[in-house]
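Trainee: Could you show me how to read a few features of a protein model, beginning with the backbone and moving on to the interior?
Mentor: Gladly; let us look at the model together.

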Amino acid sequence: METLYIVIPCYNEEAMLPITARALIEKMDTLIAEEKIAPNSKVMFVDDGSKDKTWSLIERFNRSCDLFTGVKLSRNKGHQNALLAGLMTAKNYADIIVSMDADLQDDINALDGFLQKRAEGCEIVYGVRSSREKDTAFKRFTAQSYYKVLSHLGVDIVYNHADYRLMSKRAVEALEEFDEVNLFLRGIVPLVGFKSDIVTYERAERQAGESKYPLKKMLSFAIEGITSFSVKPIRFITWLGFFIFLVAIILLIYFLVIHFIGKTVAGWTTMVVSVWALGGLQLLAIGIIGEYIGKIYLETKSRPKYIIETNLEEKD
């Protein structure tokens with residue numbers, strides 16, 4: 001039997017953690033009793049610099065039950081960095097690692113499917129939503145459009161998969177070889193390779209607390225995914241610039257012809273529209289290029305992706 005660690009990033013999850021802990025105790029005890037995982041398997045909560053009592057709860061769970069352990073980051077570093085910190089810490093103790101969110105919207109019963117796929121030799125198993133019927137029409141449209149855009153841009157991503165997945169220790173060690181600072185694990189993990197498969201599940205509603213991904217963060221995360229894995233937006237600017245140059249040549253010829261046949265018309269409207277259109281396009285182009293330059297700047301600094309303040313595993 002293999003030792004399983006479930007890694008759960010947490011940020012201000014004081015309201016949700018007791019519910020999550022109770023559900024996971026029942027599920028992990030069942031898996032251990034059925035001899036699907038080793039008795040020393042654990043749940044590792046990663047406190048991403050929470051401002052509430054999240055870490056106090058994690059310490060209390062750790063003292064009261066051997067099933068729970070935790071890692072505390074020195075400050076808030078974001079979901080992806082906290083998740084990576086948990087994965088890199090858990091690989092020192094586990095044979096297989098499952099990552100999931102603290103809100104229990106990912107069906108924990110899908111763990112049975114994960115372990116079955118693992119028994120069949122898979123190194124990575126992706127949890128994939130079977131439908132988005134519970135989402136609002138806006139969220140469903142934007143999410144599906146985003147996956148399609150990523151696919152068209154050449155990003156190798158699993159459709160309708162977030163960060164609910166199983167990875168073997170070997171796969172996590174391979175993931176460690178990716179040294180980039182701008183993290184988008186949904187796009188990086190498929191690049192690891194190895195035998196993989198999917199398990200579908202129905203996503204539930206959050207039972208307590210508030211979502212940590214409002215629209216502003218969702219947009220930021222979406223831009224991160226696109227700019228971290230594709231240079232096609234820059235190439236698009238190049239082709240757009242070439243197209244506008246051709247249009248400008250055609251308009252120049254047109255206005256010269258109009259001038260020589262004596263039908264010159266005051267062109268204030270054309271001039272104003274052209275100036276605003278080209279000005280806006282230039283600002284957009286500079287912004288997109290600046291996004292990539294900013295990423296290069298962050299990568300060259302090579303700052304640590306996270307700093308662990310406390311690891312409860314080392315205290316046990």
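Trainee: Where is Glu 35 found?
Mentor: Glu 35 is in the loop between helix 1 and strand 2, where helices (H or I, at least four residues) and strands (E, at least two) are DSSP runs numbered from the N terminus. This is a predicted model, in which local features need pLDDT of at least 70 and side-chain atom pairs count only at pLDDT 80 or more, while totals for chains, interfaces and linings use all residues. Residues are numbered from 1 along each chain as its sequence is written, and side-chain values use heavy atoms, with hydrogens and water left out.

Trainee: What is the phi of Glu 35, and is the residue buried or exposed?
Mentor: Most residues other than glycine have a negative phi. Glu 35, although not a glycine, has a positive phi of about 60°, and with a relative accessible area of 58% it is exposed; buried means under 20% relative accessible area, exposed over 50%, and partly exposed in between, for a 1.4 Å probe and protein chains only. Asn 12, in the loop between strand 1 and helix 1, also is not a glycine and has a positive phi, of about 55°, but counts as partly exposed at 24% relative accessibility.

Trainee: Which residues of the largest nonpolar core touch the most other members?
Mentor: In soluble globular proteins, nonpolar side chains tend to be buried together. A nonpolar core is a set of buried Ala, Val, Leu, Ile, Met, Phe, Trp, Tyr and Cys residues joined through side-chain atoms within 4.5 Å. The largest one here has 36 residues, of which Ile 6, Ile 8, Val 43 and Phe 45 touch the most other members. Helix 1 gives this core its largest share, five residues. Apart from this core lies another, of 29 residues, including Ala 90 and Leu 183.

Trainee: Which residues of helix 4 are buried?
Mentor: They are Ala 110, Leu 111, Phe 114, Leu 115 and Arg 118. Because they cover an arc of only 145° around the axis, they are on the same side of helix 4, the arc being that of the directions from the helix axis to the C-beta atoms.

Trainee: How many residues of helix 7 are buried?
Mentor: Seven of its eight residues, which span 185-192, are buried, so helix 7 is largely enclosed by the rest of the structure. Gly 193 follows helix 7 and has a positive phi, near 85°.
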